[in-house]
Amino acid sequence: MIYERVALVGLGLIASSMFWAMKRHGLAGHVAGYARSSETRETARESGLCDSVHDTLVDAVAGADLIVLAVPVGAMEAVGKEMGPHLKPGACVTDVGSVKRAVIQAVAPHLPEGVDFVPAHPLAGTDHSGPRSGFAELFDGRWCLLTPQDPESAAVPRLRQLWEGMGAEVDVMDAAHHDLVLAVTSHAPHLIAYTMVGVADDLKRVTDSEVINYSAAGFRDFTRIAASDPTMWRDVF
Ligand code: NAP
């Protein structure tokens, strides 16, 4: 066991995959979960997602050794602010946001002394979202990049061990460099895909059946990418 108590904040694709991946190899003693909507919390309870599901953020993070922020990038600041005063001394906060500098700026000011912050970004996903979309193998053989503010902190090797236990390969990187690399390899391609699918939709001269009949592999890949959650990607852009 790497962490006795983990709190998952946000119960979508990434958090639910982390839960099943942690359970696969017994990496966490108890996993507490919190989601914003009662609907998602109910789904989590029904599907056995998390050892305990809490109606408030403060209850979910109480006593946690590791807190994972798995909400859209634009929601990180409000979550950091609300939970900050309730964190256990010596706890580690991490996130899974697709950009790192913006998350550090949003969350770090709200964390108390004695709490480590080790931002992370698993390079794994699907075009599905929500509490039922996760699966234990999502991170197998995929990279997870850590962008710690203090690379010497003991919290870094411990979080690395968790991600390796969940099947990922881990690298440590400067946050600004991470954002540059991911802009090229992921964020700009997603923006182009969204834009192209939007253009095809808007261009009334191209009928739906023409788009479907004559779409080549490139466009089909665009439509798959553009099916990803729009809130998440709006925040990343
Ligand atoms: P998801 O499946 O859409 O789940 C998002 C979760 O965040 C849901 O539990 C949702 O709660 C909660 N949430 C949404 N808006 C919120 C708000 N304003 N305040 C509090 N909670 C809120 O998302 P995901 O794909 O797991 O993505 C989570 C994070 O991982 C994002 O930061 C994303 O950038 C990052 N990421 C995603 C991928 C990917 O491919 N999907 C890959 C790597 C990293 P409700 O269900 O109650 O609305």
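A polar contact is a pair of N or O atoms within 3.5 Å; within protein, one atom must be able to donate a hydrogen and the other to accept it, and residues adjacent in sequence count only if both atoms are side-chain atoms. The structure described here is a predicted model, in which local features need pLDDT of at least 70 and side-chain atom pairs count only at pLDDT 80 or more, while totals for chains, interfaces and linings use all residues. Residues are numbered from 1 along each chain as its sequence is written, and side-chain values use heavy atoms, with hydrogens and water left out.

The ligand is considered first. A backbone N or O atom of Leu13 lies 2.8 Å from an oxygen atom of the ligand. For Leu11, a polar backbone atom is likewise found 2.8 Å from a ligand oxygen, and for Ile14 the corresponding distance is 2.9 Å. The ligand taken alone exposes 900 Å², of which the protein buries 84%; accessible areas come from the Shrake-Rupley method with a 1.4 Å probe, and for residues only the protein chains shown count as cover. Two or more residues of the shell around the ligand come from each of the elements α1 (13-24) and β7 (120-122). Helices (H or I, at least four residues) and strands (E, at least two) are DSSP runs numbered from the N terminus. In total, 24 residues surround the ligand, and the closest are Leu11, Ser37, Thr40, Val71 and Ser98; a residue is near a molecule or strand if one of its heavy atoms lies within 4 Å of it. By type, the shell divides into 13 nonpolar residues, ten polar and one charged. In this division, Ala, Val, Leu, Ile, Met, Phe, Trp, Tyr, Cys and Pro count as nonpolar, Asp, Glu, Lys and Arg as charged, and the others, Gly among them, as polar.

The strands are described next. Strands of a sheet pair through backbone hydrogen bonds, either parallel or antiparallel. Here, six strands form an open sheet in the order β3-β2-β1-β4-β5-β6, with parallel pairing; two strands pair if DSSP finds at least two bridges between them. The edge strands, β3 (52-54) and β6 (116-117), each pair on one side only. Strand β1 (residues 3-9) is largely enclosed by the rest of the structure, because five of its seven residues are buried. Buried means under 20% relative accessible area, exposed over 50%, and partly exposed in between (1.4 Å probe, protein chains only). Six bridges join β1 to strand β2 (residues 28-34) in the parallel sense, and Leu8 has Gly33 of β2 as its bridge partner. Strands β4 (residues 66-69) and β5 (residues 92-95) are also paired in parallel, over four bridges; Val68 has Thr94 of β5 as its bridge partner. In a regular strand the side chains alternate between the two faces of the sheet. In β5, Cys92 and Thr94 point one way and Val93 and Asp95 the other way, and all are buried.

Helix α7 (residues 175-202) contains His178. His178 has a relative accessibility of 0% and therefore counts as buried. Apart from neighbours within four places in sequence, His178 is in contact (heavy atoms within 4.5 Å) with Ser98, Val99, Lys100, His121, Leu145, Thr147 and Met173. His190 lies in helix α7 as well, and its relative accessibility of 15% means that His190 counts as buried. With neighbours within four places in sequence again left aside, the contacts of His190 are Ile225, Ser228, Trp233 and Phe237.

Two further helix residues are partly exposed. Lys23, in helix α1, counts as partly exposed at 32% relative accessibility. Not counting residues up to four places away in sequence, Lys23 touches Ala28, Gly29, Val31 and Asp51. The C-alpha atoms of Lys23 and Met166 are separated by 9.1 Å, although the two residues are 143 residues apart along the chain. Asp59 belongs to helix α3 (residues 57-61) and counts as partly exposed at 43% relative accessibility. Between the C-alpha atoms of Asp59 and Ala32, 27 residues apart along the chain, the separation is 8.9 Å.

Cys50 is placed in the loop between α2 (38-47) and β3. The phi angle of Cys50 is near 85°, a positive value in a residue other than glycine. With a relative accessible area of 9%, Cys50 is buried.
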